[in-house]
Every structure is written in C-alpha cells, then in structure tokens.
Amino acid sequence: MLLASLQRHSIKAKVTLFTLAIFVLSMVVLSLYASHELRTDVQQQMRQRQRAALSLLSEFVSQGLTTRLQALEKSAQRITPALMNDPAALHVELHQRVILESLFNSGLLVTNRDGTVIADNRFPPGQLGPGDLDCDHITLALQQNQAVISQPLTGRISKKTGFGMSAPIRDAQGQPIGVLTGTIDLGQPNFLDIIGQQHYGETGGYLLIEPRQRRIITATDKTRVLEQLPAPGINPDIDDFLRGSEDTRVMHTPAGISILASNKTLQPVGWVLAVVQPTDEAFEPIRTIKSRMFLTTLLLTGVAAGLTWWLLRRQLNPLLNTVKALAERTHNPQALEPLRVPRRDEIGLLISSFNALLATIAQQERLMTNQQAMLLRAETLAHLGSWQWDLVTDKITWSNEMFHIFQLALTESAPAFEAQARLFPESDLQRLREAVKRARTEHRPFELELNTLRPDGSRRVCIARGQIELDDQQQEVMLYGSFQDVTEVKQAQLRQELAAKVFSHAQEGIIITDTEGNILDVNNTFSHITGYSRDEVLGKNPRLLKSTRQDAAFYEALWQQLVSTGHWRGELWNRQKNGELYPELLNISAVRDGQGVTRQYVGLFSDITARKAMEDQVHQLAFFDPLTALPNRRLLFDRLHQNLLTNQRIGRFGALMFLDLDNFKPLNDTHGHAAGDQLLIEVANRLRACVRQMDTVARIGGDEFVVMLSELAEGAETSAAQAGAIAEKIRLNLARPYALRLGPPEQASHTVEHHCTVSIGAVLMAPDCSDMQALLKQADTAMYRAKESGRNRVVFSTAS
C-alpha cells in the first residue's frame with residue numbers, strides 16, 4: 001500500500017522521503033549504539049569503582065578475622081597440659097589476656113577434650129555465656145586439630161546473635177586436649193560495625209552474608225540485618241554470589257528492586273561481602289544523555305528534510321529533461337546515434353556514459369564475430385565438438401568439429417538422435433540413450449566415455465557431455481553439450497598409468513638418481529616422509545637429507561659397497577625439511593643396462609621412527625623407575641658391576657649408600673599416595689643435585705634409594721672422608737622442608753609443609769672388592785643401625 005502510494009509521486013518526493021528515512025534510521029541506530037556503548041562504559045566504571053571499594057572493605061574485615069584467629073591460636077599454644085589441669089590458674093591466665101579480651105567482646109572460655117567448659121573470663125551479665133552458643137565449632141576444632149570459625153548463630157538463652165572462633169590446645173605430641181574459644185556478640189560494638197557505617201553513593205550500601213545459612217550478618221541498611229535470603233533456586237543471581245562467584249552484575253533484590261551489585265568472598269571464613277546500588281541511581285547519566293540525543297535527532301531531521309527537497313529540485317530538473325529526450329528517440333531509427341551532452345556535470349556524465357555504452361555494444365559485436373572464429377579453430381585443435389538438440393522442434397545442430405570426429409561431410413545435416421545408431425557400438429549406444437533419458441527425467445548433466453564407429457571401420461574414444469535447459473515454467477526446451485575425441489590422450493594415459501603404478505603406489509619412499517647422485521624422480525611417499533616436494537628435490541643431491549649422526553667414513557664405506565656389489569642395505573639417520581631427524585631403513589640398488597653399465601641408482605626407504613620409539617620405551621621401562629626416572633634395581637646392579645671393574649682397573653675407592661626415608665608411611669596414611677609420590681619425586685631431584693654426573697642415584701623400591709659414588713680420592717681414609725661429606729650433604733638436603741600440593745589439579749588445592757629426614761647406611765668399596773651382594777647387605781645393615789640410633793644420621797658399615 002505504501003509502495004503503491006510512493007509510485008504516484010515524483011522522483012524528488014521519493015528521493016526526499018527515502019533520504020529522510022535513511023537519515024532518521026541512521027540517527028536511531030547511532031543513538032541506540034551510543035546508548036549501548038555509554039551504558040557499557042558506565043557499567044564498567046561502576047564495576048571498577050565497586051570492586052575497588054569492595055576490596056578495601058573486604059581487606060579490612062578479612063584482616064580483622066585473621067588477626068583474631070591468629071591471636072587465639074597463639075594464646076592456645078601457651079596453654080600447657082598442666083595449666084589445663086588447674087582451672088583456677090587457667091582462669092587467671094584468661095584474665096591476663098587483655099589484648100585477647102579486647103578482640104572478643106563476648107568473652108573467652110576453655111573447654112576440655114569432652115567439650116566441658118573448665119574456665120572462662122566471667123562474662124558480664126546479658127552477654128553470651130558459655131552455654132549460649134552452638135558448640136559445633138568447638139567439636140570441629142578438636143576433630144580437625146586446627147582453628148575454626150563458627151557460623152553466626154542466635155543464642156538459645158540471650159536471643160542475641162554472634163559467632164565464635166575456636167583454636168585447639170595441644171599436648172607435647174601435638175594432639176588436641178582442649179579448645180580455647182573467643183566469642184563476638186554482633187549486637188555489641190565490634191570490628192564488623194564498619195560495614196554498617198559505610199555508604200555507597202546516595203542510596204547504596206554494603207552487605208555481609210553468611211552463604212551457608214543464606215542470612216545477612218550486617219548491612220548498611222539496618223533493616224536488612226539478619227534478613228533471611230530466598231531459598232536456592234528462586235534467585236539465580238543470589239545463588240551465584242553465595243557460591244563464591246565474584247562478579248559485578250545487574251540483579252534484583254528479594255523486594256524486586258533492580259540493583260548493580262558486586263561481591264567478594266572473605267578469607268578465611270568464606271563469608272560474602274557485597275556492595276549494592278540501585279540501577280536508577282547508577283545509570284541516571286544515561287537517561288539524561290538519551291533525552292538530549294532524541295531532541296537533537298528531531299531538530300536535525302527537520303533541517304535535513306528541507307535541504308534535501310531544495311537540493312533535489314535544483315539538481316534533478318536537467319536530468320528529467322534528458323530522460324524525456326531519450327524517450328522521444330526510442331523509436332527513432334537514429335536512436336543509436338550519440339546524444340548531445342547539455343552540460344559537464346553528473347547529467348552530462350550520464351549521457352556521455354550512454355554514448356560510451358553504444359560504442360561498447362558495437363565493439364562487442366565485432367569481438368563476438370572474432371571469438372566465434374577462434375572457437376571454431378579451438379574446437380579443431382582440441383578435437384572438441386559442440387551440439388544442441390532443440391526438444392521443441394526435435395532438431396539437432398552440430399558444430400563443424402562434430403562432423404570431423406565422425407568423418408561425415410559438412411554438407412550433410414546432423415542426423416536425428418535415433419538415426420545416430422550407426423555411429424556407436426550397440427552397448428555404447430544403449431548407455432548414451434540411458435544417460436539422455438536420465439538427463440531429461442532427473443534434469444541432471446551427464447558425462448560418459450563412448451566408442452565411436454567411423455565409415456572407414458576405425459574406432460575412436462570420445463567423452464560425451466550433456467545438460468538440459470529449462471524455461472521459466474520448468475519445461476524442457478533444449479539439450480546441449482560437447483563431444484571430444486580423446487583417443488590419443490587415453491592411450492598416453494594408459495601407458496603412463498601402467499608405468500607409474502608401482503612407483504606411485506609403493507608404501508616405501510623411492511628416490512631415483514643418476515650415476516652422479518643427482519635426483520631424477522621421487523614418489524609421493526618420499527615427500528610424505530621427508531617433507532620435500534618433488535619439485536624441490538629434482539636435480540639436487542640426496543645429501544640435502546644428510547644428518548650429523550653418521551660421519552664421512554660411514555658414507556665412504558656405503559659407496560664402496562654400492563659400487564662394488566651394486567647393492568647396500570642398512571639403517572641410518574636423515575633430516576626432514578623441517579629440521580627433524582628420523583631413522584630410516586634404506587635399500588639402494590644399481591640399475592644397469594644390457595652391457596652391465598650402471599645408469600641409475602634406486603633407493604627404497606621407510607621411516608622406522610615408531611619402531612625406534614618402541615625400543616626406547618621398552619629400554620626405559622626395563623631400566624628406570626617410572627615415577628622418579630631414576631635407575632631401577634636392574635640398572636643399578638649393572639652399573640655397580642661396571643664400577644667395581646673400573647675400581648679394580650684404576651685402583652680407586654668407591655662408596656655405596658643405602659637410604660631409607662624416616663616416617664614415610666604416615667605421610668601416605670594422612671595425605672594419600674599422591675602426596676607420597678610428590679615427596680619421592682622431590683627426594684630424587686635433591687639426590688641428583690647432591691652427587692656428581694659420574695655417580696649413580698637409584699630407587700630400588702618404596703622409599704628406599706641407593707647412591708653409588710665412583711672414583712673417589714686415593715686412599716681409604718681420604719675416600720671415606722669424601723664419601724662421608726657427600727652423605728652428610730645428602731642428609732642435610734633431604735631434611736629441608738617439602739612443600740607438597742594436596743588435592744586434585746582440577747579442583748582447588750592447597751600446599752602443606754612436610755618435614756622428612758633420612759637414615760643413611762654407607763659402605764666403602766675397596767679396589768679389590770667384587771661381591772655386589774655383600775656390599776648391598778653391608779650398606780643395608782648400616783642403614784638399620786642408623787634407624788636404631790635415632791634416625792636422621794649417617795652410619796658407615798663396620799666392614800669398611
């Protein structure tokens with residue numbers, strides 16, 4: 001309806017309206033984009049401001065929690081078992097903790113292992129008493145043997161809300177014998193009051209939330225203190241915040257108010273600190289700018305409409321006059337004559353372009369005539385004819401080359417389709433009929449190879465192609481295509497395929513060189529293995545694949561054998577195009593003519609990288625410990641045997657040390673085998689760092705290691721001193737603390753510090769010693785003496 005109405009107006013009105021619509025649409029899109037970008041920038045700035053404010057406040061609260069927890073732990077460490085057995089003295093001790101009392105406004109108490117309160121600092125009336133809080137955190141501190149912080153709870157008697165911190169009191173063996181507990185009454189002045197005193201913006205503020213209870217501990221808005229948040233699943237944004245997802249987002253409060261909120265999880269208690277601000281306040285600048293942009297858009301739209309109408313009226317009048325002149329000359333026999341150019345502007349350019357179009361049409365007609373002549377010559381050279389079958393008139397038309405292919409006279413007309421039976425063998429004619437039938441029924445092109453029969457009795461191999469043409473009503477109007485004589489091409493192709501079949505399909509790389517070593521040809525497998533394409537290596541010498549693994553003597557011997565016997569077979573390392581080395585199994589043969597003269601050399605090779613990798617893997621598994629990558633028992637015995645032979649030959653001493661980690665099993669029992677594996681790997685690294693490159697460090701099972709020192713100083717006493725110094729170095733290095741990461745890698749993990757010592761038994765290997773079993777037994781016996789002597793020491797075998 002609107003388009004029909006526009007058709008009745010002048011071009012000036014249509015262009016004006018169209019231009020105005022584009023302008024208005026552009027302004028609207030620009031306004032929307034600017035509004036979106038402005039909102040994004042404002043939200044990003046608000047997010048940065050909220051995160052900064054949140055970080056400062058959360059750091060203060062976290063520091064307050066950490067300070068109190070650390071002070072409680074230090075005080076618990078000072079309470080001895082003797083003091084626990086003296087409640088009166090313990091009561092006095094609690095009163096002397098003035099700083100601790102200032103940190104816990106609701107008092108301190110001590111419970112024994114059974115959870116019974118044995119001392120307190122006499123809570124003033126009205127505050128939380130020893131039995132007024134849930135004691136689950138006291139039990140948890142005893143069970144976990146570490147300090148804990150309770151959830152905010154409401155007292156059963158006083159009905160006041162607070163929370164407690166508990167630290168275990170340990171005996172000399174580190175076992176918990178009681179708990180020191182400090183409580184904080186949230187109803188009294190405390191360090192969390194700073195949250196209620198802080199405001200954000202004009203109406204925003206802060207919230208401190210306990211995520212497990214889903215309850216607000218304290219807030220700037222006092223009406224929300226102890227407010228219970230909605231149950232899980234009701235508000236996904238609140239659920240994300242309480243799960244610890246630190247983010248800034250627009251969300252709604254339980255009361256339905258839209259707010260911009262950020263959160264941060266407090267350590268070490270896991271509470272969530274949030275800052276909120278109503279979006280009406282946060283995004284007020286955006287609404288102001290939108291109003292101004294709307295008014296500006298209206299003003300500019302009116303100005304643009306007036307200017308567009310005036311400009312079109314001034315500029316289009318000459319164009320309309322020219323169009324009228326062109327319309328008058330449409331039926332004039334002289335219409336193809338160039339038009340007069342009235343002026344040198346866009347209108348003149350339009351008329352000049354029309355005149356150029358007329359010249360181009362004339363030129364294209366001349367070019368088309370030339371191209372038709374060229375097409376006839378190309379068809380003759382390519383033995384390619386073209387044909388078309390008018391399905392409406394049932395008339396077939398051939399190009400000249402079609403007559404030449406079938407050896408028919410040009411004076412004859414193209415035979416009808418059914419009359420072409422004499423031109424093909426019966427089987428090929430049937431295939432052609434089926435292809436034409438499918439093309440007409442399925443409307444798909446066809447291509448097939450046919451044999452043709454000539455009047456002289458010869459046969460030719462041709463490629464027939466055809467395609468259907470449909471009119472606008474999807475009715476068949478024409479079938480057209482080409483017919484190409486490919487007899488010579490087919491014969492050459494068969495010869496090439498026969499000659500190249502073995503060469504191209506071989507699974508081995510093949511390289512053919514002349515007698516000078518210049519590459520004549522390679523197959524695809526060669527390129528796949530080496531990375532060089534055929535064009536990159538033709539004419540070059542195979543030495544471009546040469547690596548540094550074989551010396552000149554190796555290649556000299558290879559050529560001597562090849563020249564003398566005409567054959568060489570063996571393994572060598574070559575270099576791929578990307579620089580990587582690879583092992584290959586190479587077989588080179590000389591190709592000789594009838595007189596026995598060598599004409600070429602043919603090399604067949606295969607990449608044996610996988611086989612070599614398998615051999616290396618088997619060797620690694622057979623001689624090395626899979627966890628620490630240290631030599632295992634088998635490789636140790638082999639090196640020990642070689643070391644004893646070397647000592648006998650050069651008359652030098654050696655040393656053998658048997659190491660066993662102290663208290664290794666409790667680590668596995670407490671933290672699992674993964675922690676034990678980490679410790680064993682770190683022990684192996686430290687052992688490697690303590691010895692020389694010629695020495696051997698081996699793991700022979702569990703937490704047992706063996707260190708073999710080779711070629712010590714001459715003389716028994718000097719060698720023993722040298723071995724002792726190295727053993728002491730090992731003992732000190734292994735006694736340093738170990739930082740072990742606990743927990744699976746895909747989850748949050750933590751690092752614990754573990755202390756572990758080692759007991760070392762050592763035996764000196766004299767030059768005339770040859771009994772490996774005796775040496776190992778002596779070192780093992782010395783190690784057990786070190787264990788019995790208190791561990792963490794080095795003991796030399798008395799046999800030394």
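This is a predicted model: local features need pLDDT of at least 70, side-chain atom pairs count only at pLDDT 80 or more; totals for chains, interfaces and linings use all residues.
Residues are numbered from 1 along each chain as its sequence is written, and side-chain values use heavy atoms, with hydrogens and water left out.

Now show the two rings together. A search of the whole structure finds 11 aromatic pairs, and Phe163 with Trp271 forms one that is edge-to-face, at 5.0 Å centre to centre and 90 degrees between the planes. Rings of Phe, Tyr and Trp (its six-membered ring) pair if their centres lie within 6.5 Å, and planes under 30 degrees apart count as stacked, over 60 as edge-to-face and the rest as tilted. Because Phe163 lies in strand β5 (residues 161-170) and Trp271 in the loop between β11 (258-265) and β12 (272-278), the pair ties together parts that are 108 residues apart in sequence. Helices (H or I, at least four residues) and strands (E, at least two) are DSSP runs, numbered from the N terminus.

Next, select Trp398 and Phe403, whose ring centres are 5.2 Å apart with the planes at 65 degrees, so this pair is edge-to-face. Trp398 is buried with a relative accessible area of 10%, and Phe403 is buried with 6%.

Two arginines come next: Arg440 lies over the face of Trp389, at 5.7 Å from the ring centre, and Arg549 lies over the face of Trp573, at 4.2 Å from the ring centre. A charge sits over a ring if NZ of Lys or CZ of Arg is within 6 Å of the ring centre and within 35 degrees of the ring normal.

Finish at helix α4 (residues 87-96), where Leu90, His91, Glu93 and Leu94 are buried. Seen down the axis of α4, these buried residues fall within an arc of 160 degrees, so they line one face of the helix; the arc is that of the directions from the helix axis to the C-beta atoms. On the other side of α4, Ala88 and Gln96 are exposed.

How values were computed. Buried means under 20% relative accessible area, exposed over 50%, partly exposed in between (1.4 Å probe, protein chains only).
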